[in-house]
There are 2 protein chains.
Amino acid sequence: MTDAEYVNIWMRPERPAYGPKPAYSRAQITEAAIRIADAEGLESATMRRIAAEIGAGAMSLYRYVPSRDNLIELMADQVMGEIDVTGMPSGDWRADLTRYAEGQRAMWLRHPWIATVQRSLPSFGPSQLLLVERLMGVLDAFVPIDENLGLVALLNGHVEGTVREEISSAEAFRRSGLSEPEWMARSYPYVDRLVKSGEYPIFAKIVMEARQPHLSREEQFRNGLERVLDCIATALPSTAGSPMPAHREGQDGPGTGS
Amino acid sequence: MTDAEYVNIWMRPERPAYGPKPAYSRAQITEAAIRIADAEGLESATMRRIAAEIGAGAMSLYRYVPSRDNLIELMADQVMGEIDVTGMPSGDWRADLTRYAEGQRAMWLRHPWIATVQRSLPSFGPSQLLLVERLMGVLDAFVPIDENLGLVALLNGHVEGTVREEISSAEAFRRSGLSEPEWMARSYPYVDRLVKSGEYPIFAKIVMEARQPHLSREEQFRNGLERVLDCIATALPSTAGSPMPAHREGQDGPGTGS
DNA sequence: CCTCCATTGAGTACGTTGTACGCGATCTCC
DNA sequence: GGAGATCGCGTACAACGTACTCAATGGAGG
């Protein structure tokens, strides 16, 4: 009835007209859920567990949140608000996008369960909306809105793709209960068999030769990010300010000399 | 005990030495699971449901697969095998990568549940391995392996990011049980309030002005893909063949006529 | 002031999930 | 021809999300 009226969790008012004072709040529940999900994974953030965390009865949560799915939407929007995009656009689009990208990555690493959340697309929560405003505001002066959408998608695609991989390998370890070295030791026979079989030369090349996988995650991320920013630069008019990538100081783009 | 020995589903042999003839097979179970997940979502592909689909008892599946998570890994690898990468590298890297990207997208759209699967990173199944061989083989002759990894990550990031958005909006409709027009009608008051509030000028601009969201999904994907391929082109040596389409001097590569 | 009743926190209960365990039947190896 | 591993499968259990129900609560209308 009234439940189905709201297509969005944000369309549903939190506080009713009158009645007894609520003992808890959406914010409190959301924060508790995030705390649990951060520490033990999203699947551990069950309704009972969250309720216990704040000292409530299991069913009390449903006075504040219509369903677990909606609570997860609240969690997702909440953590999006952690990304610092104040003062954007600052005038230096490259610095702005870098700060955004690193903030996004840091947030994902703090809250790895984000990777498993279906952002049911247009569920625009307040934090997500603000993020869009600031992020797309960076390029808004330089390109038409459609171009902006494309460039932002490119940037987000890279950030999310990279971090997702980072997270999922960490998650795989956590789930299996093995440490990374132990896991690698266990995997060695399989990988070794694949390499020695000769059927997968490029896989073997990755295992044997690639240095990228041995760099720190930060460096891997940085390298990819610079590439994406260079790509964005080519789509902007020269009035956009940041110089062309070719003669940037400390340029480390595609094809280092060594 | 012997269960924990295997870190990988692919390290565990399917057929044991002796005993009665198995009535089913991993492949059969995997296919049934995929069929159900395609039609009703991954959460409907429960062990009981899958067993019923092939006419088996619920617990029989555990003779073939150690856990549901491992079954999902099998499913994921299976559908990766659907992407047609035969004949790569063909010599035209741009055509190869386009075919790969569109194949990847088509596969994701056929099996939307893929978006929710944590690819526990190095669980290299046979199809995934073959895919890596063919895909990375496309650029292997032109760039060092580390550069290749970066470029492929860029491409995959775009494909996955775009399709993920495509899927999650479709999923949101499916879950809510509403049709797209009905959903939009329900959302209208919320969106309208946001736009009229004046607090979100760029969001408003997207809603009011952007044409990209009204293009077909194929066109949106194509546009973004071209951008990524252009970006990759700048990282390749000129011997790679495919010329830059638009704003570069058209040095027609030897032999490539497109 | 009192009364009304929507809303509160919370207990109980139901249906569904993944899967541990154990059974008799079946097949390969020695 | 045993011996014993492996088969399909029924039963059982713990944990999940959440529908339903209840007495207690406290602002609104008189």
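Tutor: Two residues are in contact, or touch, if their C-beta atoms, placed from the backbone, lie within 7 Å. This is a predicted model, where local features need pLDDT of at least 70 and side-chain atom pairs count only at pLDDT 80 or more, while totals for chains, interfaces and linings use all residues. Residues are numbered from 1 along each chain as its sequence is written, and chains are lettered from A and ligands numbered from 1 in the order in which they are written.

Student: Which residues does A:Gly125 touch?

Tutor: Leaving out residues up to four places away in sequence, A:Gly125 touches A:Trp10, A:Glu73 and A:Asp77. A:Gly125 is found in the loop between helix 5 (93–110) and helix 6 (126–140) of chain A; helices here are DSSP runs of H or I with at least four residues, numbered from the N terminus. A:Gly125 and A:Ala76 are 49 residues apart in sequence, and their C-alpha atoms are 8.9 Å apart in space.

Student: Why is A:Gly125 called partly exposed?

Tutor: A residue is buried with 20 or more other C-beta atoms within 10 Å of its own, exposed with 12 or fewer, and partly exposed in between. A:Gly125 has 19, so A:Gly125 is partly exposed.

Student: Which residues touch the most other members of the largest nonpolar core?

Tutor: Of its 92 residues, they are A:Ala33, A:Met75, B:Ala33 and B:Met75. Not counting residues up to four places away in sequence, B:Met75 touches B:Thr30, B:Ala33, B:Ile34 and B:Ala37.

Student: How many residues does each chain give to the contact between chain A and chain B?

Tutor: Chain B gives 55 residues and chain A gives 55 residues. On the side of chain B that touches chain A, helix 7 of chain B gives the most, with 19 residues.

Terms used
Helices (H or I, at least four residues) and strands (E, at least two) are DSSP runs, numbered from the N terminus. A nonpolar core is a set of buried Ala, Val, Leu, Ile, Met, Phe, Trp, Tyr and Cys residues joined through C-beta atoms within 7 Å.
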